[in-house]
Amino acid sequence: MSELNTKTPPATNQASDPEEKGKAGSIKKAEEEEEIDIDLTAPETEKAALAIQGKFRRFQKRKKDSSS
């Protein structure tokens, strides 16, 4: 049987400068993102976009009305 290593190794590229941390984070995100191919001209996509926009507009209107 193999044992699972529950300890995480210390990070070797820890940046002390906030700018360096941001750069490292964006590089890591770019590597992790997967490419999604959506046909923006498809009728189903257009219907879905319109439905999402309508719900978002109603949400914004209710949010504005309740804060007044």
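These exercises, with worked solutions, concern a predicted model of a protein chain.

**Exercise 1.** State how many helices and strands the protein chain has, and where the helices lie.

Solution. The chain has two helices and zero strands. Helix 1 covers 18-32 and helix 2 covers 43-67. A loop between them holds leucine 40.

**Exercise 2.** Compare the span of helix 2 with the expected span.

Solution. Begin with the length: helix 2 has 25 residues. The expected span is 1.5 Å times one less than this number of residues, which comes to 36 Å. From first C-alpha to last, the helix reaches 36 Å, close to that expectation.

**Exercise 3.** Is leucine 40 buried or exposed?

Solution. A residue counts as exposed when its relative accessible area is over 50%. Leucine 40 has 70% relative accessibility, so it is exposed. Next, look at its surroundings: together with Ile36 and Ile38, Leu40 forms a nonpolar surface patch with about 360 Å² of accessible area.

**Exercise 4.** Describe how much of helix 2 and of the chain is buried.

Solution. Buried means under 20% relative accessible area. In helix 2, one of the 25 residues is buried, so the helix is hardly covered. For the chain of 68 residues, the buried share is 4%. The accessible surface of the chain is about 7400 Å², with 54% belonging to carbon and sulfur atoms.

Technical notes:
Residues numbered from 1 in each chain as written. Predicted model: local features only at pLDDT ≥ 70, side-chain atom pairs only at ≥ 80, totals over all residues. Heavy atoms only, no water. Helix = DSSP H or I, 4+ residues; strand = E, 2+ residues; numbered from the N terminus. Buried < 20%, exposed > 50% of the residue type's maximum accessible area, 1.4 Å probe, protein only. Areas by Shrake-Rupley, 256 points an atom, 1.4 Å probe, with all protein chains shown as cover. Patch = residues over 30% accessible without salt bridge, like charges linked within 9 Å, V, L, I, M, F, W, Y side chains within 5 Å. Salt bridge = Lys/Arg side-chain N within 4 Å of Asp/Glu carboxyl O.
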